[in-house]
Amino acid sequence: MARFDGKVALVTGGASGIGRATALAMAAEGALVIVGDRDLGRAEETAHQARGTVEALALDVTDDAQFAAMVEAIDQRHGRLDILFNNAGAGGSQRTIADMEMAEWDATMSLLLRSVALGIRLAAPVMIRGGGGAIVNTASVAAFGAGSGPIAYSVAKAAVLQLTKVAAAQLARHNIRVNAVCPGLILTDIFTQSYAEAAPALAADVKKYMARTAPYAQPIRKQGLPEDIAEAVMFLASDQSAFVTGTHLLVDGGMLVGPRHSWDPDFKQPEDHPLVKAMAGTAQAQAPAPA
């Protein structure tokens, strides 16, 4: 028996990347998967690739009425919703806090945080009537500190982790589990979508560069792929994690185990780095005077 036989799952942002890989994997293990994405054409491509049942529907997760209508349609058509993967997202504003327009901040929060809360809010009543369910939210390694993403993106993803914990506490009484997955450097279109239309050649070059360099971004020397995240989501959405809620699963190849020098034996600071110069000066000052 497959892990998701008889289950109905909704995957947002399922037209590409992590969402597509997860939708295909769940369908292959028996789930009836509804893929919601603003890009209906690519969502339909996901459905065509499936070894199983995948339905593609247009969905803008920042549109309350559209999101509500989709969940209602799933409830009416299938009578249940067992799994929600809140995955839709993008890089959001690339500006620093010093030069960001607040409209950009609001748009990023709407897509990456508010939509996750909305998805949980809409799915919960359907899951309660069905006796329970599993919700998985996409966070990021960027939630844990500076340097892994733009400020608005990083703050939103950190808030997704807190939302996950509090929602898990409130929904546990209804047999609904809520967890998050935190991808590291995963080769998806998120790195190129900001200029894919305006400069497709540049987007292609960036994609090639990322593919070459990705294995060296973390201790595990392989490219992080959407399928790596899909496997983690499958675990958190399945009965294999029946005793797991309110937490997150890092899938980052060890990126956050420590600073680079702790795992990269070839890592060296350049000789002109201020820290190297300061350490050299300290050592020289502490050296004993010649006899």
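Take a contact to mean heavy atoms within 4.5 Å. Counted that way, residues 24 or more positions apart account for 68% of the contacts in the protein that have a separation of 6 or more. This is a predicted model, in which local features need pLDDT of at least 70 and side-chain atom pairs count only at pLDDT 80 or more, while totals for chains, interfaces and linings use all residues. Residues are numbered from 1 along each chain as its sequence is written, and side-chain values use heavy atoms, with hydrogens and water left out.

The protein has 8 helices and 7 strands, taken as DSSP runs (H or I, at least four residues, for helices; E, at least two, for strands) and numbered from the N terminus. Of its 291 residues, 43% are buried; buried stands for under 20% relative accessible area, exposed for over 50%, and partly exposed for what falls in between (1.4 Å probe, protein chains only).

The strands make up an open, parallel sheet of 7, ordered β3-β2-β1-β4-β5-β6-β7; strands count as paired if DSSP finds at least two bridges between them. At the edges sit β3 (53–58) and β7 (248–251), each pairing on one side only. From one strand to the next the twist averages 20°. Inside the sheet, β1 (residues 8–12) is held to β2 (residues 32–37) by 5 bridges, and V8 has L32 as its bridge partner in β2. Helix α1 (residues 17–28) packs on the sheet, touching β1, β2, β3, β4 (83–86) and β6 (176–183), and its direction makes about 165° with that of β2. Such angles run from 0 to 180 degrees between N-to-C directions, with axes fitted to C-alpha atoms, for helices over the stretch in contact. Helix α5 (residues 151–171) lies across β5 (133–138), β6 and β7, at about 165° to β6.

Next, the nonpolar interior. A nonpolar core here is a set of buried Ala, Val, Leu, Ile, Met, Phe, Trp, Tyr and Cys residues joined through side-chain atoms within 4.5 Å. The largest one has 42 residues, and L10, F67, L81 and V178 have the most contacts inside it. Two or more residues each come from β1, α3 (64–78), α4 (102–129), α5 and β6, with α4 giving the largest share, 12 residues. L81 touches V8, A9, L10, I74, A123, V126, M127 and G132, leaving aside neighbours within four places in sequence. A second, separate core of 29 residues includes A25, A31, V136 and A237.

A237 belongs to helix α7 (residues 226–237) and is buried, at a relative accessible area of 7%. Not counting residues up to four places away in sequence, A237 is in contact with F4, M26, I83, A134, V136 and R177. A237 and G133 are 104 residues apart in sequence, yet 8.3 Å apart in space, C-alpha to C-alpha.

Most residues other than glycine have a negative phi. N175 is not a glycine, but its phi is positive, at about 65°. N175 sits in the loop between α5 and β6 and, at 52% relative accessibility, counts as exposed.
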